[in-house]
Every structure is written in structure tokens, then in C-alpha cells.
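We'll go from stop to stop, picking something and looking at what surrounds it.

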Amino acid sequence: MKKLFLIALAATLFACTKENKNDENPAEQTGTVEIKFEHVWGANMAPFALNQEMTHPSGQKMTFTTLKYYISNIKLKKADGTEWVQPESYYIVDARQKPEAVISIPKVPVGDYVEVSFLLGVDSLRNTSGAQVGALSPEHGMFWSWNTGYIFIKAEGTSPNSPTGDFAYHIGGFSGQFNAIRGRTINFNGATLMVRKDAVPSIHLMVNAARFWHGGIMLADVSKIHAPGPMAVTMATNFQGGITFDHIHN
């Protein structure tokens with residue numbers, strides 16, 4: 001009798017163990033992904049630093065004291081074309097972070113991804129929702145007003161080439177011809193981002209701050225932007241073009 005009881009108990013434990021294993025549905029497993037933004041300067045991709053004078057390829061000299069910007073609406077794409085969209089996806093990237101600025105994306109479904117896309121800026125819905133919380137809180141100094149919304153990119157500093165000795169680019173605008181929201185899609189060039197529940201892979205991007213003045217823009221002519229307009233759109237497009245893929249670390 002005792003032997004039969006032990007056999008029955010062993011069978012029950014085995015069934016429970018098997019059931020628990022079956023409960024671990026791979027489709028429901030998630031992991032964390034990091035996106036790293038390494039800020040660089042000029043054609044040679046030299047190290048970028050705040051509070052240090054740098055010379056632009058055009059010959060202009062400038063010293064950044066502030067460089068930060070919004071990254072939002074992040075999507076990850078698999079080779080089969082399916083996409084995962086992060087809900088409530090709003091981050092401020094700040095060049096004060098060293099050696100690179102890092103944003104952490106939790107609860108990404110386990111899988112292999114070949115592409116990331118995001119907005120440089122804040123989508124129009126959140127621009128018209130007033131002051132909010134988290135990365136969208138006005139305490140970060142990236143919010144104008146209910147009428148004009150968020151500052152997508154803030155770049156400030158000093159320059160002997162500026163008529164006033166300084167520069168301040170507060171770039172935003174979310175509607176009409178002065179919409180400065182810019183989308184960026186980064187293909188991993190054959191590499192694969194492998195998301196697993198027990199690892200934290202990273203996407204390493206390069207951000208070339210010299211691109212602000214791409215196309216012959218001179219500080220002598222444009223040293224201040226404080227509202228939506230054609231130059232804000234141009235500089236947002238320039239800066240977007242300076243965000244490029246470097247490598248994946250799994």
C-alpha cells in the first residue's frame with residue numbers, strides 16, 4: 001500500500017512539474033533592451049564634450065553647455081516584418097551622461113530583431129495634452145506652453161562667431177508646415193538584436209552634434225531659435241541625419 005502511495009505521489013509531482021514548464025509560454029516572455037547614444041563631433045567622429053570648445057568643419061567655434069532631446073514612440077522590428085511598439089514611450093537623452101547616454105526599454109517580447117525606429121521629438125497628441133509627468137514633466141525645462149508644446153531638441157552654448165557670443169536652439173513645432181517632429185529608422189545592417197529574459201542587449205548609436213550646422217548654416221546668421229519655424233525644421237532634419245547605427249551588443 002505504501003509503495004502504491006509513493007508511486008502515485010511521484011506521478012503527481014511529475015505532472016505538476018510538466019504543467020509548470022508548459023506555463024512558460026515563450027510568446028509571453030520578455031526582456032530589457034538598452035539604446036546607447038554616443039555623442040561625437042565632425043567627420044572624424046571625434047569625442048563630443050560639454051563645456052569644451054570644438055571647431056566645426058566650417059571653421060566655426062562653439063562650446064556646448066546643454067544638449068538634450070526627446071526620443072519617443074520606439075518600435076522594434078523582426079525579420080518577418082512584425083513590430084513591437086513600446087507603450088508610453090518617452091525619453092530625454094542628455095549629453096551629460098558619459099560615456100554615452102542610455103535609455104532602458106523594459107518588457108520587450110523575447111525574439112530576434114533587425115531594426116529600431118523612433119521619433120525625434122514628441123508626437124502631436126502629447127503636445128496638445130498640456131503639462132504631464134515623467135519625461136514629459138515641465139521640470140525638465142523642455143516644455144513651452146499649451147499652445148506650442150514641447151521643445152524637442154535643446155542645444156545651448158557659447159561661440160565667438162555668434163553676434164551675441166552665445167547660441168540657443170530650442171527646436172519644436174508639431175503641426176503644419178513647421179512640423180519639426182522627425183522619424184528615424186535604424187536598420188542593424190545584418191546584425192540581430194537578441195532579446196532574452198536573462199540578458200540585456202544594447203543598440204549602440206552615434207549622434208553627431210556637428211550636424212546642426214550642416215548645409216552651410218552659420219552662427220553669424222542663426223544663433224537663436226525659440227519658436228517653431230522654417231529654420232527649426234531645417235535644424236531638426238540636420239540633427240536627425242546625424243543619428244547613425246554603430247553596433248549591437250548581445
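In which sense do β4 and β5 pair, and over how many bridges? They pair in the antiparallel sense, over three bridges. Strands here are DSSP runs of E of at least two residues and helices are runs of H or I of at least four, numbered from the N terminus; two strands pair if DSSP finds at least two bridges between them.

Before going further, two ground rules. This is a predicted model, where local features need pLDDT of at least 70 and side-chain atom pairs count only at pLDDT 80 or more, while totals for chains, interfaces and linings use all residues. Residues are numbered from 1 along each chain as its sequence is written, and side-chain values use heavy atoms, with hydrogens and water left out.

**Stop 1: along β4**

Select residues 61-78, which is strand β4. Start with Leu 76, whose bridge partner in β5 is Trp 84. The hairpin of β4 and β5 has four residues between the strands, and Gly 81 in that turn has a positive phi of about 95°.

Ser 117 counts as buried because its relative accessibility is 15%; the cut-offs are under 20% for buried, over 50% for exposed and partly exposed in between, using a 1.4 Å probe and protein chains only.

Next comes β6 (90-94), which pairs with β4 in the antiparallel sense over five bridges. Look for Lys 68 opposite Asp 94. Then show β10 (residues 149-158), antiparallel to β4 over six bridges, with Leu 67 opposite Ala 155. Finally, β3 (residues 53-55) runs antiparallel to β4 with three bridges; Thr 55 stands opposite Lys 61.

**Stop 2: the core**

Which residues touch the most other members of the largest nonpolar core? Phe 64, Leu 67 and Trp 213 do, out of 65 residues. Such a core is a set of buried Ala, Val, Leu, Ile, Met, Phe, Trp, Tyr and Cys residues joined through side-chain atoms within 4.5 Å. Strand β4 supplies the largest share, eight residues.

Centre on Met 62, also in β4. Met 62 is buried, at 0% relative accessible area. Beyond its neighbours within four places in sequence, Met 62 has contacts (heavy atoms within 4.5 Å) that include Trp 41, Phe 167, Trp 213 and Leu 219.

**Stop 3: aromatic rings**

Select Phe 37, Trp 41, Phe 48, Phe 64, Tyr 69, Phe 167, Tyr 169, Phe 212, Trp 213 and Phe 239, which form one aromatic cluster. The whole structure has 18 aromatic pairs, where rings of Phe, Tyr and Trp (its six-membered ring) pair if their centres lie within 6.5 Å.

**Stop 4**

Go to the loop between β6 and β7 (101-109), where Pro 99 lies. Lys 98 and Pro 99 are joined by a cis peptide bond, with omega about 5°.

Then jump to Glu 88, in the loop between β5 and β6. Phi of Glu 88 is near 50°, a positive value in a residue other than glycine, and Glu 88 is exposed, with a relative accessible area of 58%.

Note on methods. Rings of Phe, Tyr and Trp (its six-membered ring) pair if their centres lie within 6.5 Å; planes under 30 degrees apart count as stacked, over 60 as edge-to-face and the rest as tilted.
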